[in-house]
Amino acid sequence: MGVAWQPIKASAGRFARGSLSPRAARARALPAPPPLGAASAASAAALCAQVRGEVTAMAFNRMWYTVALGLLLPFSYAHTDFFTSIGHMTDLINTEKDLVVSLKDYIKAEESKLEQIKKWAEKLDQLTDTATKDPEGFLGHPVNAFKLMKRLNTEWGELESLVLKDMSDGFISNMTIQRQFFPNDEDQTGAAKALLRLQDTYNLDTDTLSRGNLPGVKHKSFLTAEDCFELGKIAYTEADYYHTELWMEQALKQLDEGEVSSADKAYILDYLSYAVYQQGDLGKAMMLTKRLLELDPEHQRANGNMKYFEYIMAKEKEANKSSTDSEDQMEKETEVKKKDYLPERRKYEMLCRGEGLKMTPRRQKRLFCRYYDGNRNPRYILGPVKQEDEWDKPRIVRFLDIISDEEIETVKELAKPRLSRATVHDPETGKLTTAHYRVSKSAWLSGYESPVVSRINTRIQDLTGLDVSTAEELQVANYGVGGQYEPHFDFGRKDEPDAFKELGTGNRIATWLFYMSDVSAGGATVFPEVGASVWPKKGTAVFWYNLFPSGEGDYSTRHAACPVLVGNKWVSNKWLHERGQEFRRPCTLSELE
């Protein structure tokens, strides 16, 4: 027994690695809701030249102005992947403001036009009232006769032209220019997935996120029922039925509470019942389908699904009669195993929330803060820098007040025009590629480009004692909505012998990471293998070795950048390589020393 619609083809969702509800593992096929349309058009646009002329100008002149400006605009400004960089998204705020001003100009022009028409109508209303009472007597005055001829032959034609005049030319011209720089469906989907990622990582319930009750927010905002419905639909397209259920329920809840919205309850229930069924909750799916049928008794798919549910329910009851208690025992054993085993993803998310392992007092006593002169470096003997230990194994140290606000702004100004979607090294192809687990944009700065960058490179060399001539260029990164970089190694492993072959400078021996902004909530650098969390603090930098002196990789340095919950995260890092360090950090005979 079945129904006419085809089952959905579920693709591998982004939450396949442990974020889904346990019920999702028991998901079964069921006719899906209608095909989903593309995400609604984004409301923001990229920053471009202001196009706002006087609305009274001729349409012909406006068109040529628009064409000329369009040709002059450099297409390199049309950034993609806006959602991966808050820095680039700030430009969209200015563009949207410009569009609002242009829209208000259009409204004023329409109001002015209507005011002219209204005055004309009021004048003629009085005139015609008088004339219709005594037509012959009125036209007996030669001036009235002349003016009637003039009005009907000339002035009504002018009024017709005024009524037909399109006052939207300026606004449409501005929209035409700026639309080519608008974010696209990928940006809207990326931003939506970021909200789901933040929800998982920071254990946020849908109501908290919908009401905008987040720590450290300056400008509170909330999600409408329609917004929640859109989030649910995006999760649905990813076959992420867990989040589909959460957000469809939130949309339904807000509608039940009386929120005025264009969202349709029947449509929401259609998605919700299917998502619930896919996670194995047949009883709840039937209850939701019944509610849908109360709203729309003729709903074809709901009627078909109801029959299907009843058929499956009957089969399950028959099967349950012959089942034994052994299944319950197996489930209990599985639960015990789950509690004992803590996968990396769970460790990572716990550390991001500040719930990681706490150091014992004995280990904490080994951590110190000090004034550091770079091993008697001449530049720092009289003016040492502040240094503090963040972790013992691997040794992670933080340098305080190590980069000034002026230097940070210079680096950001140099990097911002070049920011592009951050890439990762593909061990199979040996090439750089974009990845969903790294949501940020980055740019590379060379020392010869600016004395500030050169000075920063020299500072790193003086304080680490390592040669930076073989290091990679300074990488500047800005994280986007929910920006993150999931657990990874900075160094090339043994199964990646050609990881940095093209550089000819050996493996990445160490990492230096500048924090160039404070982050209101989230954004920590965490080390899941050891339970360390390092929180962003503007003007500081952290440093650690990726390799032991023997050249073997230190696998405890596996680290991640947690999603930014609230705020804007800017960092820059320097990867130092093995070549040139032979006498600065000599090898040892022991593999793990």
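Q: How many salt bridges does a search of the whole structure find?
A: The search finds 32 salt bridges. This is a predicted model, in which local features need pLDDT of at least 70 and side-chain atom pairs count only at pLDDT 80 or more, while totals for chains, interfaces and linings use all residues. Residues are numbered from 1 along each chain as its sequence is written, and side-chain values use heavy atoms, with hydrogens and water left out.

Q: Why is the pair of Lys265 and Asp256 called a salt bridge?
A: The term asks for a side-chain nitrogen of Lys or Arg within 4 Å of a carboxyl oxygen of Asp or Glu. In Lys265 and Asp256, the closest N and O atoms are 2.8 Å apart, so the pair meets that limit. Side chains of opposite charge can pair when their charged atoms come close.

Q: Are Lys265 and Asp256 buried, partly exposed or exposed?
A: Buried means under 20% relative accessible area, exposed means over 50%, and partly exposed is in between (1.4 Å probe, protein chains only). Lys265 has 27% relative accessibility, so it is partly exposed. Asp256 has a relative accessible area of 41%, so Asp256 is partly exposed too.

Q: What makes Lys538 and Asp405 count as a salt bridge?
A: Their side chains meet at 3.8 Å, N to O, so the distance falls within the limit for the term. Lys538 lies in the loop between strand S13 (532–534) and strand S14 (540–545), and Asp405 lies in helix H16, so this pair ties together parts that are 133 residues apart in sequence. Helices (H or I, at least four residues) and strands (E, at least two) are DSSP runs, numbered from the N terminus. Lys538, at 32%, is partly exposed, and Asp405, at 45%, is partly exposed as well.

Q: Which residues are linked with Asp207 in a network of salt bridges?
A: The network links Asp207, Arg211, Lys253 and Glu257. Within it, Asp207 forms a salt bridge with Arg211, where the closest N and O atoms are 2.9 Å apart. Arg211 is partly exposed, with 39% relative accessibility.

Q: How do you know that Cys352 and Cys562 form a disulfide?
A: A disulfide is a pair of cysteine sulfur atoms within 2.5 Å. The sulfur atoms of Cys352 and Cys562 are 2.0 Å apart, so the pair qualifies. The structure holds 1 disulfide. The bond links distant parts of the chain, 210 residues apart: Cys352 is in helix H14 (residues 344–352), and Cys562 is in the loop between strand S15 (559–561) and strand S16 (564–566).

Q: Why is the disulfide of Cys352 and Cys562 called left-handed?
A: The torsion about its S-S bond is about -85°, so the disulfide is left-handed.

Q: Are Cys352, Cys562, Cys228 and Cys369 buried or exposed?
A: Cys352 has a relative accessible area of 2%, so it is buried. Cys562 is buried at 1%, and Cys228 is buried at 0%. Cys369 has a relative accessible area of 63%, so Cys369 is exposed.

Q: What makes Glu115, Glu122, Asp125 and Asp129 a negative surface patch?
A: Patches are made of residues with over 30% relative accessible area and no salt bridge, where like charges are joined within 9 Å and nonpolar side chains (Val, Leu, Ile, Met, Phe, Trp, Tyr) within 5 Å. Asp and Glu count as negative, Lys and Arg as positive, and His and the chain ends are not counted. Glu115, Glu122, Asp125 and Asp129 form such a patch. One of them, Glu122, is found in helix H2 (residues 86–133). Glu122 is partly exposed, with a relative accessible area of 44%.

Q: How do you know that the peptide bond from Lys393 to Pro394 is cis or trans?
A: Its omega is near 0°, and the bond is cis. Pro394 sits in the loop between strand S2 (385–391) and strand S3 (396–400). Most residues other than glycine have a negative phi, and most peptide bonds are trans.

Q: What is the phi of Asn203, and what is that of Asp401?
A: Asn203 has a phi near 50°, a positive value in a residue other than glycine. Asn203 is found in the loop between helix H6 (185–201) and helix H7 (206–210), and at 54% Asn203 is exposed. Asp401 also has a positive phi near 50°. Asp401 is in the loop between S3 and helix H16 (405–415), and at 60% relative accessibility Asp401 is exposed.

Conventions: Accessible areas come from the Shrake-Rupley method with a 1.4 Å probe; for residues, only the protein chains shown count as cover. The place of a charge is taken as NZ of Lys, CZ of Arg, CG of Asp or CD of Glu.
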